[in-house]
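The stops below go from the whole chain to single residues.

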Amino acid sequence: MSEGKNKILGFIENNFNILIIAVFIFSLIIRLKYLTINSAVWYDEAEYLSAAKDWAFGIPYDFNFVRPALLPFIWTIFYKLGAGEFFLRIILLLFSLASLILTYLIGKILFNKYVGLIALTITSFHYLNLFYTARLLTDIPSFTLLLFTVYFFLEVYINKKDNYIYLMGLTFVLSILMRFPAGTLGGVLLLYLLLTEGFKFLKNKKLWASIGIFFIIFMLYSIWYYINYNKIPIFEASAFYTPAILLKQSLGFMPTTLMSPGYIFIILLLIGLGTILFNIILGYDLLKKDKELKKQLFVFLWVLVIFSYFAFYAGLVEDRYFFYIYSALFIIIGWVLLKLNDFLKKYHKFLGIIVIILILCTTGYQQLIYADNLIKIKADSYIQFKYAGEYIKQNSNSKDKVIAAGIPQLTYYSEREIIYWPDRDKFKELIKDKSIKYLVLSALESTPEWTYKWPEENKNKVKVVQAYFFDQEKTKPAIIIYQLNH
């Protein structure tokens with residue numbers, strides 16, 4: 001019997017790479033299922049896409065200064081090469097798949113390959129990762145670039161592979177230019193180095209070269225940003241938000257983002273964080289010497305610093321804002337599950353493995369069902385803007401202009417200049433311009449109250465040419481397109 005058990009364990013060990021590949025293939029299949037499910041892009045997606053069309057083709061659009069420019073810059077390159085929306089979705093898919101591999105590699109460095117496998121598995125079915133892989137937004141790319149930075153940092157400071165240090169500076173600045181809050185990782189890295197090396201890390205010439213790469217790229221971006229907006233990057237964007245303490249709201253997202261039967265993931269995470277904190281306090285004087293303690297310190301700071309930024313300062317909080325720490329949370333959960341396995345195998349060799357598989361399978365099923373429902377519910381949202389934009393494109397020329405709300409979506413789909421509704425006095429003058437062909441009113445993106453009454457009060461000046469509705473009975477209009485009678 002004992003020999004049979006050893007053969008089974010040996011089989012698992014010898015075929016570990018097959019398990020990794022199997023989880024990766026599952027991840028690919030489930031992401032391909034949702035790749036093109038969304039019927040229309042959201043406001044934020046359209047901002048990046050419209051900016052890219054402006055830069056690639058000269059379609060007028062004012063890109064909001066609070067948004068980072070790297071994603072639309074990438075889209076611009078591919079637009080210039082002839083790519084369309086489907087190809088851009090493939091790029092997002094590749095970023096998502098890369099985040100899976102990096103989560104495994106980071107888990108392997110911090111603890112071992114089994115922790116990496118568990119973290120990879122959780123990431124593969126995590127509802128937020130699935131949902132945002134299907135959205136043309138900055139969340140997944142920025143998250144992936146941040147994971148690249150973490151991986152390179154750990155290779156340098158844990159595995160002593162100095163050549164990775166240059167890539168660390170590159171991926172870190174790119175992650176920030178993809179989504180500014182990625183800069184919070186800098187606090188993690190700095191605190192870790194201060195606690196484990198004191199100020200000795202400042203003597204590392206290669207680190208300064210990496211910092212140089214970071215600042216050269218950031219300064220180039222800053223020059224472009226100042227020329228275009230006459231503002232200082234990041235500082236101007238951060239001033240757009242009012243700092244606020246949102247600890248309660250931040251903690252409130254965790255039961256959903258870590259959903260599992262009986263809140264088992266929350267329990268495992270709390271046990272893991274508590275154990276790591278206890279080990280750090282107990283072995284504080286060994287932080288500069290003990291390699292395992294350094295690893296635990298890193299993952300703890302990873303969670304603490306970034307979570308604290310959103311909970312105590314950022315001013316806005318959503319479940320997706322915590323993307324940057326989910327890999328760390330899954331790695332900690334994987335580590336505790338392995339500790340649980342060590343305890344349970346005292347009673348039966350396979351009891352721990354069975355329990356881990358049951359937890360992952362039941363949690364995975366719950367997460368996948370939630371993801372499927374969420375993705376499908378949101379799949380057709382804002383589709384009326386797509387229809388309206390396509391109608392305008394088909395029934396106008398490139399010189400025609402439109403007065404409307406929902407500027408990003410309409411710009412993206414119509415490829416026409418969209419002007420937001422001005423105040424009433426300016427509007428009276430604006431509509432004398434014969435290049436203004438359409439007025440668009442929407443219940444999806446609101447405009448001043450007077451705009452909804454104006455067409456009825458000026459029937460001689462406009463006519464309804466198209467309308468799109470929320471319901472099949474066509475009783476609840478979502479968008480109405482009016483053509484001006486010039």
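**Whole protein**

Show the surface first: its accessible area is about 22900 Å², and 64% of this belongs to carbon and sulfur atoms. Accessible areas here come from the Shrake-Rupley method with a 1.4 Å probe, and for residues only the protein chains shown count as cover. The model is predicted, so local features need pLDDT of at least 70 and side-chain atom pairs count only at pLDDT 80 or more, while totals for chains, interfaces and linings use all residues. Residues are numbered from 1 along each chain as its sequence is written, and side-chain values use heavy atoms, with hydrogens and water left out.

Switch to cartoon. The protein has 21 helices and five strands; these are DSSP runs (helices H or I, at least four residues; strands E, at least two), numbered from the N terminus. Along the principal axes, the C-alpha atoms fill a box of roughly 90 × 55 × 45 Å.

Colour by accessibility next. Of the 486 residues, 52% count as buried, where buried means under 20% relative accessible area, exposed over 50%, and partly exposed in between (1.4 Å probe, protein chains only). A contact means heavy atoms within 4.5 Å. Among contacts between residues at least 6 apart in sequence, 71% join residues at least 24 apart.

Select T363, in helix α17 (residues 351-378). Is T363 buried or exposed? At 0% relative accessibility, T363 counts as buried. Leaving out residues up to four places away in sequence, T363 touches F125, M259, S260, P261, I264 and F265.

Now select T144 in helix α8 (residues 139-157). T144 is buried as well, at 1% relative accessibility. With residues up to four places away in sequence again left out, T144 touches F95, S96, A98, S99 and L102.

**Charges and salt bridges**

Colour the charged side chains: 49 are positive and 35 negative, and the centres of the two sets lie 6 Å apart. Lys and Arg count as positive and Asp and Glu as negative; His and the chain ends are not counted. The place of a charge is NZ of Lys, CZ of Arg, CG of Asp or CD of Glu.

Side chains of opposite charge can pair when their charged atoms come close. A salt bridge here is a side-chain nitrogen of Lys or Arg within 4 Å of a carboxyl oxygen of Asp or Glu. By this rule there are 18 salt bridges.

- Select R89 and E85, whose side chains meet in a salt bridge at 2.9 Å, N to O. They are four residues apart in helix α5 (residues 85-110), so about one helical turn separates them. R89 is buried at 3% relative accessibility, whereas E85 is partly exposed at 25%.
- Select K345 and D342, which form a salt bridge at 3.8 Å, N to O. K345 is partly exposed at 44% relative accessibility, and D342 is partly exposed at 36%.
- Select K432 and E429, where the closest N and O atoms of the salt bridge are 3.3 Å apart. Both K432 and E429 are exposed.

Then select D44, E47, R67, D139, R179, E318 and R320 together: salt bridges that share partners join them into one network.

**Surface patches**

Patches are made of residues with over 30% relative accessible area and no salt bridge; like charges are joined within 9 Å, and nonpolar side chains (Val, Leu, Ile, Met, Phe, Trp, Tyr) within 5 Å.

Which residues form the nonpolar patch? Select L190, L194, F199, L202 and W208, which together have about 520 Å² of accessible area. L202 sits in the loop between α10 (185-197) and α11 (205-229) and is partly exposed at 39% relative accessibility.

For a patch of positive charge, select K160, K200, K203, K288 and K291. K291 is in helix α15 (residues 291-312) and is partly exposed, with a relative accessible area of 40%.

**Two backbone stops**

Most residues other than glycine have a negative phi, and most peptide bonds are trans. Select Y263, whose phi is positive, near 55 degrees. Y263 lies in the loop between α13 (247-257) and α14 (264-282).

Last, select K474 in the loop between β4 (462-469) and β5 (477-484). K474 is not a glycine, yet has a positive phi of about 60 degrees. At 59% relative accessibility, K474 counts as exposed.
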